[in-house]
Amino acid sequence: MRIALNAIGDVGTRTGRILTAESSLVALGLYGDHPGLVQDRRTLPISTLEGFDVLVTDDGEASSALAGLAVEDGLSCAVPGAISPNVAEQYSRTSKLVLTNCSLAGLAETLAVHEAARTDQPLDTVIAWTEHGKPRRRGTPVAFPDPVGARWGRRVGNEANTIRVAVPVDGPWAGATATIVGRVGEATERRIVGVSDAGDHLEAIALAAGAVVAATSALSGALEPRDVAEDYLAVALRMGLGVATYTLD
């Protein structure tokens with residue numbers, strides 16, 4: 001893999017460090033500013049994307065612009081945010097893949113898809129993730145693994161049988177969780193799966209996993225981690241993601 005990294009903050013720096021642990025990495029091009037990145041024989045500053053397979057960035061606000069730049073230069077891409085319909089259309093006309101929403105929200109969605117596949121018939125789903133903000137004192141209750149623990153969040157969107165909850169936190173910890181109620185044989189089972197860790201570390205794993213999947217997948221177009229759930233989670237687990245599970249019959 002030849003990956004170009006545009007790092008603007010601590011998440012980008014950690015993403016670079018995680019990627020240098022990948023044995024299949026041939027080169028990590030540092031595109032733009034790259035403060036604090038660990039020096040590695042495969043890292044090099046670059047001013048052009050020529051010769052690279054994937055562009056990855058931690059700049060959520062510039063996700064669409066950088067994804068557009070990548071596809072124009074013939075690269076796949078992994079970004080933490082959304083992209084415009086125009087950029088998505090550009091990818092649909094190529095053999096390149098852009099993975100959007102490589103974030104805590106995307107990780108939570110992927111956990112939900114993975115757990116739903118374990119049931120014969122999923123019935124109800126709760127998907128939750130943390131975001132930076134002042135903690136709430138009321139709202140929708142969500143239980144994350146320690147050290148995040150029980151929190152209040154706000155519902156996002158409106159979809160039948162699926163509740164999505166964004167949970168503001170103001171400390172260094174972050175999390176993503178999914179609760180699936182489904183039929184397994186003749187029984188109804190409730191399964192909870194979640195992750196909690198230092199926020200920058202979790203976000204970096206979510207982004208780095210997206211970069212590796214974008215570099216190695218035969219798929220093309222504009223997708224999210226939940227669309228490639230098994231591959232994405234396999235890479236994230238290899239990168240050190242720790243998942244806690246609990247089942248109630």
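**View 1. The buried residues of helix α6.** In helix α6, residues 229-238, the buried residues are A229, Y232, L233, V235 and A236; buried means under 20% relative accessible area, exposed over 50%, and partly exposed in between, with a 1.4 Å probe and protein chains only. Because these residues cover an arc of only 160° around the axis, they sit on the same side of α6; the arc is that of the directions from the helix axis to the C-beta atoms. An α-helix has 3.6 residues a turn, so residues three or four places apart point the same way. Among the elements covering the buried residues of α6 are α4 (104-116) and α5 (199-216). Just after α6, G240 has a positive phi of about 110°. Helices (H or I, at least four residues) and strands (E, at least two) are DSSP runs, numbered from the N terminus.

The model is predicted: local features need pLDDT of at least 70, side-chain atom pairs count only at pLDDT 80 or more, and totals for chains, interfaces and linings use all residues. Residues are numbered from 1 along each chain as its sequence is written, and side-chain values use heavy atoms, with hydrogens and water left out.

**View 2. The nonpolar cores.** The largest nonpolar core has 51 residues, and those with the most contacts inside it are I3, L19, V56, Y232, M239 and L241. Such a core is a set of buried Ala, Val, Leu, Ile, Met, Phe, Trp, Tyr and Cys residues joined through side-chain atoms within 4.5 Å. Helix α5 gives the most to this core, with 11 residues. A second, separate core of 19 residues includes L55, A67, V71 and V98. Leaving aside neighbours within four places in sequence, L241 is in contact (heavy atoms within 4.5 Å) with L107, V195, L202, I205, L233 and A236.

**View 3. Helix α2 and its cover.** S63, L66, A67, G68, A70 and V71 are buried in helix α2, residues 63-72. The cover over them includes β1 (2-6), β4 (54-57), β5 (76-78), α3 (85-92) and β6 (97-99). G74 follows α2 and has a positive phi, near 80°.

**View 4. R164 and E109.** R164 lies in strand β10, residues 162-169, and is buried, with a relative accessible area of 15%. E109 belongs to helix α4 and counts as buried at 8% relative accessibility. The side chains of R164 and E109 are joined by a polar contact of 2.5 Å, and those of E109 and R226 by one of 3.4 Å. A polar contact is a pair of N or O atoms within 3.5 Å; within protein, one must be able to donate a hydrogen and the other to accept it, and residues adjacent in sequence count only if both atoms are side-chain atoms. Not counting residues up to four places away in sequence, R164 touches residues including I127, W129 and R226.

View 5. Most residues other than glycine have a negative phi, and most peptide bonds are trans. The peptide bond from D146 to P147 is cis, with omega near 15°; P147 is in the loop between β8 (140-143) and β9 (150-155). N101, in the loop between β6 and α4, has a positive phi near 60°. N161 has a positive phi of about 70° and lies in the loop between β9 and β10. N161 counts as exposed, at 52% relative accessibility.
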